[in-house]
Amino acid sequence: MESFLRSWTGQDPKAEDYKNIEFWSNPERAGYLTKQGDYIKTWRRRWFVLKQGKLLWFKDNHVNRYSVPRGVVPVGKCLTVKGAEDVLNKPFAFELSTNQETMYFIADSEKEKEEWINSIGRSIVQHSRSVTDSEVVDYDSK
């Protein structure tokens with residue numbers, strides 16, 4: 001939970017937040033988005049990478065194995081990703097929400113917005129915590 005809060009408060013992520021993720025190679029999705037700051041609500045253009053259930057962002061697109069993300073969101077902890085033009089009064093806007101926080105982004109086009117929403121939505125489904133066989137209790141067998 002601490003890594004999740006760090007990502008939402010803008011504090012630098014720790015290495016374990018993105019350990020074992022080769023974010024510089026073959027991401028599920030990558031591209032520029034404009035992100036609203038956490039404390040000072042200015043908009044900054046950042047390079048985003050979606051890989052292995054993490055949404056990472058960097059200052060620019062010169063990402064390699066030695067790059068350090070400026071933020072990391074564990075997508076599996078997110079509940080929704082949806083358009084937010086009506087909330088922000090900005091075209092191509094979308095939001096990523098948990099039960100506690102919402103982050104806002106602006107894509108460069110409607111097509112890119114829809115592609116990010118679809119990619120993040122798939123990642124939410126793939127990485128959200130689900131009940132496994134080992135967690136199922138069979139009361140009939142007792």
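Mentor: A residue is buried under 20% relative accessible area, exposed over 50% and partly exposed in between (1.4 Å probe, protein chains only). The model is predicted, so local features need pLDDT of at least 70 and side-chain atom pairs count only at pLDDT 80 or more, while totals for chains, interfaces and linings use all residues. Residues are numbered from 1 along each chain as its sequence is written, and side-chain values use heavy atoms, leaving out hydrogens and water.

Trainee: Does Thr 34 count as buried or exposed?

Mentor: Thr 34 is in strand S1 (strands are DSSP runs of E, at least two residues; helices are runs of H or I, at least four; both are numbered from the N terminus). Thr 34 touches Trp 43, Arg 44, Arg 45, Tyr 104, Phe 105 and Ile 106, leaving aside residues up to four places away in sequence (contact means heavy atoms within 4.5 Å). Because its relative accessibility is 17%, Thr 34 counts as buried.

Trainee: What is the average pLDDT of the protein?

Mentor: pLDDT is the predictor's confidence in each residue, from 0 to 100. At least 70 is reached by 82% of the residues, and the protein average is 84.

Trainee: Over which residues is the pLDDT below 50?

Mentor: Where pLDDT is low, the predicted coordinates should not be read in detail. The stretch in question has four contacts in the model beyond near neighbours in sequence, and covers residues 131-142.

Trainee: Which are the edge strands of the sheet?

Mentor: Seven strands form an open, antiparallel sheet in the order S4-S3-S2-S1-S7-S6-S5 (two strands pair if DSSP finds at least two bridges between them). An edge strand pairs on one side only, which holds for S4 (71-74) and S5 (80-83).

Trainee: How far apart are the end C-alpha atoms of helix H3?

Mentor: The expected span is 1.5 Å times one less than the number of residues. For the 18 residues of H3 (110-127) this should give 26 Å, which agrees with the end C-alpha distance of 26 Å.
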